[in-house]
Amino acid sequence: MIDIPDELIATQYAYNGAAGRAFVAALPGLAGRFLEEWGLRRDGAVMYGMGALVLPVVREADGVPAALKLQLVDEETVGEPVALRAWGAAGAGAVGVLGHDPGTGALLLERLDEGRPLSGMAGGGVLPGGSRLVGEVADARRAVTVLGGVLARLAAVPAPEGLRTLGDAVERMLAAAPGVVERLADEGERRLLADCVAAVREVAGEPGDRLLHWDLHYDNILAGRADAGRAGEWVALDPKPLAGDPGFELFPALDNLFDAGEVVWRFDALTEALGMERDRGRARAWTLGRVLQNAVWAVGDGERELAPDHAEIARRLLAVR
């Protein structure tokens with residue numbers, strides 16, 4: 001029997017409606033099916049994220065540790081095995097695919113060290129008043145540097161044919177933008193988002209062709225395992241892939257473990273890692289595009305204000321020249 005975490009059930013019901021309820025109902029059967037078909041035995045407690053159930057397992061035939069990932073297939077997740085295999089072929093530092101069932105989207109993945117996410121390097125303690133301890137700033141900067149290296153390896157790979165594209169996404173964002181700006185309650189936020197829209201319009205004609213992760217934050221990078229030949233390596237997982245410009249990849253590392261005073265430092269470190277330090281304007285514009293994308297979604301859900309962290313990222317980047 002598989003115990004499905006209440007948080008995963010709530011997320012699926014809230015965001016995916018009838019499809020989410022059907023997915024949750026099917027999970028025990030899916031888990032049982034693939035444990036049997038792929039010759040797996042469970043090897044640890046259930047794990048989960050926003051949209052997936054993950055079972056630590058061992059392949060009985062050869063004793064290889066692995067992870068069985070079950071998730072609802074949608075436009076964001078359908079390209080995951082394609083992207084992971086492309087990165088694997090290029091040695092780009094993403095988790096390996098050991099098995100995939102196209103009908104259900106089930107994935108059998110290389111096991112990483114789930115107890116060692118990159119976020120653990122970054123600390124997270126904040127002093128009263130919001131300032132960080134000096135040592136924790138240094139730790140966070142080391143984590144940003146690691147993430148930048150992982151990001152550069154991933155973004156060096158051209159996107160395979162058939163993935164969703166940043167060009168399509170930006171077309172939808174810009175079409176929705178006037179209504180989104182108008183529905184914000186605060187005049188200052190309306191001006192701020194209008195500036196984001198203007199920046200995106202300047203780069204919209206060149207959306208890029210790199211293979212993007214889209215959600216590369218500090219909890220989506222785990223330490224590799226020695227028994228898989230990955231000792232000392234940091235490995236990316238859980239992509240929501242699309243084809244586009246690497247500048248569109250920076251936002252999660254600015255927003256996750258948010259620190260307003262570190263936004264510009266992180267932005268500079270990441271653009272340098274990507275070799276975009278001489279093209280910071282383009283990287284900034286695409287990062288502001290993520291602020292716009294999130295605003296489109298939030299307003300569509302009935303919000304009338306920007307997320308405070310997102311607004312602060314936009315303000316600080318708009319001040320960068």
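The paragraphs below go through a predicted model, from its nonpolar cores to its aromatic pairs, a histidine and some backbone angles.

The largest nonpolar core has 77 residues, and Trp-87, Leu-193 and Leu-292 are the ones that touch the most other members. Helix H8 gives the most to this core, contributing 9 residues. For Leu-292, leaving aside neighbours within four places in sequence, the contacts are Met-173, Leu-174, Ala-177, Leu-193, Val-197 and Val-200. Another core lies apart from the largest one; it has 19 residues, including Ile-4, Leu-40, Leu-68 and Leu-70.

Next come the aromatic rings. The model has 3 aromatic pairs by the rule used here. One of them is formed by Phe-34 and Trp-38, whose ring centres are 4.7 Å apart and whose planes make an angle of 45°, so the pair is classed as tilted, with stacked pairs being under 30 degrees and edge-to-face pairs over 60. Phe-34 has 0% relative accessibility and therefore counts as buried, the limit being under 20%. Trp-38, at 23%, is partly exposed.

Another pair joins Phe-248 and Trp-286, with 6.0 Å between centres and 85° between planes, an edge-to-face arrangement. Where do the two residues of this pair, Phe-248 and Trp-286, lie? Phe-248 is in the loop between strand E11 (242-244) and helix H6 (251-255), while Trp-286 belongs to helix H8 (residues 280-300), so the pair ties together parts that are 38 residues apart in sequence. Phe-248 and Trp-286 are both buried.

The ring of Phe-248 also has a charged residue over it: Arg-290 lies over its face, at 5.0 Å from the ring centre. Elsewhere, Arg-164 lies over the face of Trp-214, and here the distance to the ring centre is 5.9 Å. Trp-214 itself sits in the loop between strand E8 (210-212) and strand E9 (221-223). Its relative accessible area is 11%, so Trp-214 is buried.

The backbone at Trp-214 has a feature of its own. Most residues other than glycine have a negative phi. Trp-214, however, has a positive phi, near 80°. Asp-238 is likewise not a glycine and has a positive phi, of about 55°. Asp-238 is located in the loop between strand E10 (234-236) and E11. A glycine with a positive phi, Gly-275, follows helix H7, and its value is near 75°. Within H7 (residues 263-273), the buried residues are Val-263, Arg-266, Phe-267, Ala-269, Leu-270 and Thr-271.

The last stop is His-310, which is part of helix H9 (residues 308-318). Is His-310 buried or exposed? His-310 is buried, because its relative accessibility is 15% and the limit is under 20%. The side chain of His-310 makes a polar contact of 3.4 Å with the side chain of Asp-255. Beyond neighbours within four places in sequence, His-310 is in contact with Phe-251, Asp-255, Val-291 and Asn-294.

Key: Residues are numbered from 1 along each chain as its sequence is written. This is a predicted model: local features need pLDDT of at least 70, side-chain atom pairs count only at pLDDT 80 or more; totals for chains, interfaces and linings use all residues. Side-chain values use heavy atoms; hydrogens and water are left out. Helices (H or I, at least four residues) and strands (E, at least two) are DSSP runs, numbered from the N terminus. Buried means under 20% relative accessible area, exposed over 50%, partly exposed in between (1.4 Å probe, protein chains only). A polar contact is a pair of N or O atoms within 3.5 Å; within protein, one must be able to donate a hydrogen and the other to accept it, and residues adjacent in sequence count only if both atoms are side-chain atoms. Contact means heavy atoms within 4.5 Å. Rings of Phe, Tyr and Trp (its six-membered ring) pair if their centres lie within 6.5 Å; planes under 30 degrees apart count as stacked, over 60 as edge-to-face and the rest as tilted. A charge sits over a ring if NZ of Lys or CZ of Arg is within 6 Å of the ring centre and within 35 degrees of the ring normal. A nonpolar core is a set of buried Ala, Val, Leu, Ile, Met, Phe, Trp, Tyr and Cys residues joined through side-chain atoms within 4.5 Å.
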